[in-house]
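User: I am new to this structure and would like a close look at a single part, the place where the two chains meet. Please take me through that part in one connected answer.

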2 protein chains.
Amino acid sequence: MTEATPIKPHERLAAALSSDMEAVAALITTRMASENAPRIPEVTAHLVSAGGKRVRPLLTVAAARLCGYDGEDHVKLAATVEFIHTATLLHDDVVDESNQRRGRPTANLLWDNQSSVLVGDYLFARSFQLMVETGSLRILDILSGAAATIAEGEVLQLTAARNIATTEDTYLRVVRGKTAALFQAACESGAVVAGAPEDHVSALADFGDALGVSFQIIDDWLDYGGAGDAIGKDLGDDFREGKLTLPVIRAIAKGDDVEWAFWKDALERGNATDLDRARAILARHDTLEETRVEAIAWRDRAKAALRRLPQSDLRDMLGDLADYVVARAL
Amino acid sequence: MTEATPIKPHERLAAALSSDMEAVAALITTRMASENAPRIPEVTAHLVSAGGKRVRPLLTVAAARLCGYDGEDHVKLAATVEFIHTATLLHDDVVDESNQRRGRPTANLLWDNQSSVLVGDYLFARSFQLMVETGSLRILDILSGAAATIAEGEVLQLTAARNIATTEDTYLRVVRGKTAALFQAACESGAVVAGAPEDHVSALADFGDALGVSFQIIDDWLDYGGAGDAIGKDLGDDFREGKLTLPVIRAIAKGDDVEWAFWKDALERGNATDLDRARAILARHDTLEETRVEAIAWRDRAKAALRRLPQSDLRDMLGDLADYVVARAL
């Protein structure tokens, strides 16, 4: 009991909820099987076995438990949420033409884009089957709405990419869609399955939303400010893909004509060869630090939402998780 | 009233159900909108406005009405079914790298693969939202199961492509998945929403399944036996994509070593330049005609299933539709 206490908040959460998370892992393995098409579990297992922190299913399980749930349906919801996430990762890697994910080659590289598209579709469909099994129309409404919002956010990101006139408002809508919607639905559905009172449901939904925004802003920080091997993807991916993220949007707003021409050439015309120069410009305008401060503001909103819930160990661990999310940018 | 009677069965069905189908069209337009991402309705409208016969939503509406339904939820189900179909078309065109669909350039050609993948995801999610609105867990189970079966069939088709050892059994599983599952779910969900007795529900499910198999077998016939401009896609697409369809599987089984080498080179190695020779081989072994006979057998199963339902005009029109499906191969 005294040896090697896990340190990171998501590891402490996973330890506190270990039997639930083992049930989630077992359900994921069972439900990703396909008698007819062995390619499906191959591709899915590649991504699932690469680990990932399983933050989203952890949120669902934690939300349900801290609302006093003692049933089994939260396990199905957690697996649903992870399936939706895995499906979007498969499709994202096709869309972004990525080569690396979670420190390993992407599925589209190991197999092909076709497999990534179709296996993603299968996982989406399986996720809906799982949520139907819970028998709750309200939960179906939350999760199917989140799936639509995610896709909308991804399309908006696609059309905003390679457009240096993209505004902070558009950026926030992309972030809310592609990331925060599922964090929010993960928390909210856990509270709903537990039959929590409405003010607790909305507190957890607000927590998930703010945590997701904070998480994505830091991810975007890491793409310029992080160390490539620590984040399991290539540093500068967003730069090369012409994505307009917060540090860049702010830097463009503050820059002169020479810098504007640099961003135009790099992000719109795709001549994104000089990452060092991009980083130097961000440093000159201090926009990486501004981005971190913005993420901290969202972290604070997340923690404020938690205070609308009764005190409990799980609640405090969720607060620590919010701290950890922004502490990745140091 | 006496002028220009529509001739084709799906046109007669559409005329008999015109107010329902107008409501379906209006709902599709409303629900494919997206405030955040204008690219979504653009891409969807391109495909939707290209027409298509809307066979699947017609089946849902017809099934509900012939079971005596007088509510409104069948319109939502029909739009759901069409959204699922449209989403799979968008993803199929990416997977197949197609250039033409319904006689027009494909969305992946006009926009890009990314848009097709993500807009397809959006339509999937919207379809689930629509079916949740019906409030029927049984219907959610039917349609989410169909979506999983479709994706499974597509993955199986992908792994079976470029493998000339593919069996008729695998072929049939692909057809059941990629085509018949949605025909079946379209019919079955229409019957369920109408509160039809179980023997009528299963009769309509069996009808949809057999109609779908028949439809796909004829589609595969048309790819070798049809005229390109009449089918709205390029003749020989399956040949060039290395798909193992029934006429080819049968011809390979009957062929000699020289022919085997031809198929190996064309379908597995991708040297599919000589469509005329492929057609000549199919003709020599009479496998296009065998394929047509197989489709007729499925058509007969579809019509036998209809006889388990009370006689009505709609039922007879569905029977005529089954005849029409196979009559495309003449």
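Of the residues of chain B, B:Val117 comes closest to the rotation axis, with its C-alpha at 3.6 Å. This is a predicted model, and the values below are computed from it.

In general, two copies of a chain are related by a rotation about an axis and a shift along it. Here a rotation of 180° with 0.0 Å of shift along its axis superposes chain B on chain A, with an RMSD of 0.0 Å. The two copies are therefore related as by a two-fold rotation axis.

Next, the contact itself. Chain B gives 39 residues to it, and chain A gives 39 residues. Of the interface residues of chain B, 100% are also interface residues in chain A, so the copies meet through the same surface.

The size of an interface is often given as the accessible area lost when the parts come together. Between chain B and chain A, the buried area is about 3600 Å², and carbon and sulfur atoms give 74% of it. On the side of chain B, the residues that lose the most area to chain A are B:Asn36, B:Leu118 and B:Glu152, together 17% of what that side buries.

A:Cys187 is in no disulfide, and the nearest cysteine sulfur, that of A:Cys67, is 9.9 Å away. A:Cys187 is also buried, with a relative accessible area of 1%. In chain B, the sulfur of B:Cys187 has its closest cysteine sulfur in B:Cys67, at 9.8 Å, which is too far for a bond. B:Cys187 is likewise buried, with a relative accessible area of 1%.

Last, the packing of nonpolar residues. The largest nonpolar core has 235 residues, and those with the most contacts inside it are A:Trp263 and B:Trp263. Leaving aside residues up to four places away in sequence, B:Trp263 touches several residues of chain B, including B:Ile164, B:Phe239, B:Val248 and B:Glu268.

Note on methods: Residues numbered from 1 in each chain as written. Chains lettered and ligands numbered in written order. Predicted model: local features only at pLDDT ≥ 70, side-chain atom pairs only at ≥ 80, totals over all residues. Heavy atoms only, no water. Core = buried A, V, L, I, M, F, W, Y, C linked by side-chain atoms within 4.5 Å. Buried < 20%, exposed > 50% of the residue type's maximum accessible area, 1.4 Å probe, protein only. Contact = heavy atoms within 4.5 Å. Disulfide = S-S within 2.5 Å. Least-squares fit on C-alpha atoms with pLDDT ≥ 70 in both. Buried area = accessible area lost by both parts, 1.4 Å probe.
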